[in-house]
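Thank you all for coming.

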Amino acid sequence: MLKLYKCIDSGSEYCTCSLSDTKDCISCSHLRGDDLCDCTWNGVCILYEYIMKNGSQNNYRRDYKGQIVDKKFISNELYLLKIKLDNKLIRKLDTIGSYVFIRKDCNSSYYNTPMSIFDLDEHHIYIVYQEIGPKTKKINKGDTLIIKGPYWGGLIGTSDLSKKENCSIVIVARGIGQSSILLPIKKLYLKGNNIVLFLDQGKTSSLYCLDFMKGVNIKTILIDSLSNEGEKTLKNYIKGNPVDVLISAGADMVHRQMKTIIETIDKSIEWFVSNNSIICCGEGVCGACLKKIENGDRIKLCKTIIDPRNIY
Amino acid sequence: MNRIVVIGGGWAGCAASIAAIKLGIEVVLIEKTDMLLGLGNVGGIMRNNGRFTAAEENILLGRGELFNITDKFSLHKNIDFPGHKHAYLYDVTKIEPAVRELLLSLGVILKLQKRAVDVVKEDGYIRAIILNDGETIYGDVFVETTGSTGPMGNCLKYGNGCAMCILRCPTFGPRVSISQKAGVTDIVGMKKDGSYGAFSGSCKLNKDSLSNEVINELEKEGVVLLPVPKDDIQRDKLSKKVCQQYAIDEYAENIILLDTGHAKMMTSFYPLEKLRKIKGLENARYEDPYSGGIGNSVRYLSIAPREDTMKVKGIKNLFCAGEKSGLFVGHTEAIVTGTLAGYNSVRHVYGKELLKLPTDLAIGDLISYTNKKMNTEEGLKDRYTFAGSTYFNRMLDKGLYSTDLHEIRNRVEDLNLLNIYNKIE
């Protein structure tokens, strides 16, 4: 039988979800059809939540309407969107790893595309994206969007990153990976963590995240992370300094490179990666994000909490 | 240095730790909550009926430390209540720090608030235990004393839901069956009607919430019987509880309170409104479980198949004790099985033949009898304790029950087992 894993939605208002109705829950053995408990979730019991709701699922994530109030060209195919949005949803998105699905209101749900929250303020969210496919082309200033959320699995890792205090944290961001690191940097900085950012413009030819870091005083080192020299710089830093947490944000090759570095230098480093899976529904239903890991389990990466070492 | 890892810090785990460390082995004890003793923090009944014999046997076998503590912290000694004689009631509000101090003074490495969630297995051996925070604890031999109670999903499915008991699953996380993680399927106990599990058999009322008359009598006598209004007597509830030694008519017709620091009430649960109709309990409130008016924890959902040496079948270096090792009820049962498991874990380390206690002793007989009975469906619906019901009747029939210290000593001596727990010959 598939092992039980923790789920990013456990303990939230979105647990239990539709997976429990079909006995496909990620975390609860009962809601996977077993007779007895076998979970590792610390918190109010998932089966309990299910029974208390009398099996009725009325807590689906809903569609909000948002409006693009600004669209800025950054470089190449890279754009920044400023979207006016209901404050209730913004508050739920104000956390590390949050993302939403967006589409133009005139489009069908086929066009739902997951977008990391780059930044937010009281009435707006900011998204940086590449205009490269049918889901992202033709999004323009003034457009009304259908925004579904909140989703929280944008960063993969086993512990709660938002609880890290006074830790030494290294963040490696390359290219479009910059889109998912600003919120973590801001939150972690406020908790007294010592953050060092290794920044690589990658194919985007832009270090756009730096423009949004006012008031955040962290050490930033510019590198070409995939070059020998860049890798050496990183390795030397990790070897010569205490590092509790490493966050890598970029393409899969960046993650694989970080895994090699961690495993050769210090296996105890807690590692988080940007979630690069193809995500279509975000609810563990569609199967687009399934990844088969070494022990044979197929993991739904939109929701499962797992050590990225198992994936890369 | 050789190391024994004990998983679960209840009475059984504490007893196993002491038994092992006394023989000079390093012991790591993993406990998921912030307190040792588990359900021992809300129990308190010792030495009633056959438990007296078993306690004395364990002391003569060489391990009396925990019984010395329960004796020392007894609020009442040699009291009788329906179906039970010469009970000692220890003070549940004082006992845990004393046991913790003992374990620390012996050098046991305590890992509190650490939950064992998985194993590293190789060639039929467990090599290490994985904790919830990712730490890996390596060892030579492992003793599982994680009990069989809960977690919440089980209490919900087979009981009346989480009643917020001392195990505090929402805070510290669910119990994980280590033997099952190592590939050995758990045995599951049943109620008389064939459904899984059984309710814990007693709950505790906050003593200060009782009337002065009840408090005074309780503290003077140790026991108070309050008649249940006729309309509220429910005999059928008796079959659903763990403690079959308390499943006799007196327990349906009366509220029986024992002074264990709290007022221990000898029923699984009792609706608060009905409880407050009883004279003296007009303002009563529950101390454990907090929702004792609704339900209680559900037990016997995770028992490892084992040898009479307490070694788990199918894994070369895993032992078990307490409720994990059978449909046992009580602290004494946990301590005596824990002691044997801890002792045999050391013998295993040194490659010595494992000790199987003879059935001429109550302890050996309980361990062996329960093991046999658990292979039958009827046996899975029964509970086994020195204190009453099926097994105490067997003790009486076999002449194993005795309160005569000389007689018990002679038995142990004749079997050449005096102080055996202090020797690895």
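How many helices and strands does the secondary structure of chain B come to? Please keep in mind that this is a predicted model, and in it chain B has 15 helices together with 18 strands.

Let us take the overall dimensions next. Along the principal axes, the C-alpha atoms of chain B fill a box of roughly 60 × 50 × 40 Å.

Now to the domains. The domain assignment divides chain B into domain 1, which is written in two pieces as 3-194 + 298-422, and domain 2, which covers 198-288. The centres of these two domains of chain B, taken over C-alpha atoms, are separated by 26 Å. Where they touch, domain 1 of chain B contributes 32 residues to the contact, while domain 2 of chain B contributes 24 residues.

Which elements supply at least two residues each to the side of domain 1 of chain B that touches domain 2 of chain B? They are β4 (74-81), β5 (84-90), β17 (298-299) and α14 (389-398) of chain B, and β4(B) gives the most, with four residues. Sorted by class, that side of domain 1 of chain B holds 17 nonpolar, nine polar and six charged residues.

Definitions and conventions. Residues numbered from 1 in each chain as written. Chains lettered and ligands numbered in written order. Predicted model: local features only at pLDDT ≥ 70, side-chain atom pairs only at ≥ 80, totals over all residues. Domains from an automatic or database assignment. Contact = placed C-beta atoms within 7 Å. Nonpolar A, V, L, I, M, F, W, Y, C, P; charged D, E, K, R; others polar.
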